[in-house]
Amino acid sequence: MLSKHVLLPSAVSLILGSVALAQFSCPTIPLCCQYVYDGYSPNVTSVMSQVGITPTSVDVVFPVGIGCVSIENPSADYILPCTSPREQVCCQYNKWGGKIASGCVPDPPIATA
């Protein structure tokens, strides 16, 4: 049987680890994107037209991510981690199947021990 002295430090470590993870986790949608753009570019307008977005019909929040994959639920053919040249970001809007995501900010990966 384990003593209380062994269980208590383990429980405290688990709780502190969970708090640290929550503090640095992405508050929106964590994605790994091939490209991230701060404004309109030929690539951005091309992808927008492919998914039916026009600058006048939808407010696009920059920066935007192009070619994004969910980090929490990646497709079977995608291998994590998200490494350069891809960029890990948190995006507010990902309604277009990862082709374009809007309102993205950098999300540095959480260091693991």
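**Note on the disulfides and fold of a predicted model**

1. Cys32 and Cys82 are joined by a disulfide, with their sulfur atoms 2.0 Å apart. The torsion about this S-S bond is about 80°, so the link of Cys32 and Cys82 is right-handed. Because Cys32 sits in strand β1 (residues 29–37) while Cys82 sits in the loop between β2 and β3, the pair ties together parts that are 50 residues apart in sequence.

2. The C-alpha atom of Pro74 is separated by 9.3 Å from that of Cys32, although the two residues are 42 positions apart along the chain. With a relative accessibility of 29%, Pro74 counts as partly exposed, since that class lies between the limits of 20% and 50%.

3. A disulfide is also formed by Cys33 and Cys68, whose sulfur atoms are 2.0 Å apart. Its S-S torsion is about 105°, so the link of Cys33 and Cys68 is right-handed. This pair connects distant parts of the chain, with Cys33 in strand β1 and Cys68 in strand β2, 35 residues apart. Cys33 and Cys68 are both buried.

4. Cys91 and Cys104 are joined by a disulfide as well, with an S to S distance of 2.1 Å, and this link is right-handed, with 105° about the S-S bond. Cys91 belongs to strand β3 and Cys104 to strand β4 (residues 100–106), so the pair ties together parts that are 13 residues apart in sequence. Cys91 counts as buried at 0% relative accessibility, and Cys104 is buried with a relative accessible area of 2%. The count of disulfides in the model comes to 3.

5. Turning to the chain as a whole, its secondary structure consists of 2 helices and 4 strands, which follow the pattern α-β-α-β-β-β when read along the sequence. Among contacts with a separation of 6 or more, 68% are between residues 24 or more positions apart.

6. Of the 113 residues of the chain, 27% count as buried. The accessible surface of the chain comes to about 7,700 Å², and 62% of this surface belongs to carbon and sulfur atoms.

Technical notes
Residues numbered from 1 in each chain as written. Predicted model: local features only at pLDDT ≥ 70, side-chain atom pairs only at ≥ 80, totals over all residues. Heavy atoms only, no water. Buried < 20%, exposed > 50% of the residue type's maximum accessible area, 1.4 Å probe, protein only. Contact = heavy atoms within 4.5 Å. Areas by Shrake-Rupley, 256 points an atom, 1.4 Å probe, with all protein chains shown as cover. Disulfide = S-S within 2.5 Å.
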